[in-house]
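The entries follow in the order I made them.

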Amino acid sequence: MKPFDCRIIEADNTFYAGKMLSLIVPAVDGEYGVLAMHQNVVVAIIPGTLKFQDEEGEWHDAIVSDGMMRIEDGDVLILVDSAEWPYEIDASRIKAKEAAAREAMLQKKSVREYTLAESSLKRAIARMKYFDSINN
């Protein structure tokens, strides 16, 4: 397989930059796969597990939040609010954030606050799904 360049950028830093052989992102209508020489496209990313195969053929997982992926002339750029490696996941912290997000959604203070709480809840659920899948 031929490698391609990819950058994964979260809100405050570059999460990953390097060559990949294969990439799978969580998208609105399912998982979206990318290989070298992919056509130009923009894809909406939803909270979930992003998977990629590095140049050595090793697969890696990352938990990502809402964002977008742009493929242009063979270069892949992924912009997400947050991204983290599986070893960074703390189950008790996730459960606390999920409970806080659910409570904030029930408060219904404003549309903006509800939307932010909903986004936080989706991220917590995606992280918990991944955590449960590797521990069961």
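Is Arg70 buried, partly exposed or exposed? I found Arg70 partly exposed, with a relative accessible area of 34%; buried means under 20%, exposed over 50% and partly exposed in between, with a 1.4 Å probe and protein chains only.

I noted that this is a predicted model, where local features need pLDDT of at least 70, side-chain atom pairs count only at pLDDT 80 or more, and totals for chains, interfaces and linings use all residues. Residues are numbered from 1 along each chain as its sequence is written, and side-chain values use heavy atoms, with hydrogens and water left out.

Entry on charged pairs. I searched the whole structure for salt bridges (a side-chain nitrogen of Lys or Arg within 4 Å of a carboxyl oxygen of Asp or Glu) and got 3. Arg70 pairs with Glu72, with the closest N and O atoms 3.4 Å apart. Glu72 is partly exposed at 37%. I found Glu31 and Lys51 joined by a salt bridge at 3.2 Å, N to O. Glu31 is in strand E3 and Lys51 in strand E5, so this pair ties together parts 20 residues apart in sequence; strands are DSSP runs (E, at least two residues), numbered from the N terminus. Glu31 is exposed at 54%, and Lys51 is partly exposed at 26%.

Entry on the core. I looked up the largest nonpolar core, which has 25 residues; such a core is a set of buried Ala, Val, Leu, Ile, Met, Phe, Trp, Tyr and Cys residues joined through side-chain atoms within 4.5 Å. Leu23, Met69, Val76 and Ile78 touch the most other members. Strand E2 gives the largest share, 6 residues.

Note on methods
Helix = DSSP H or I, 4+ residues; strand = E, 2+ residues; numbered from the N terminus.
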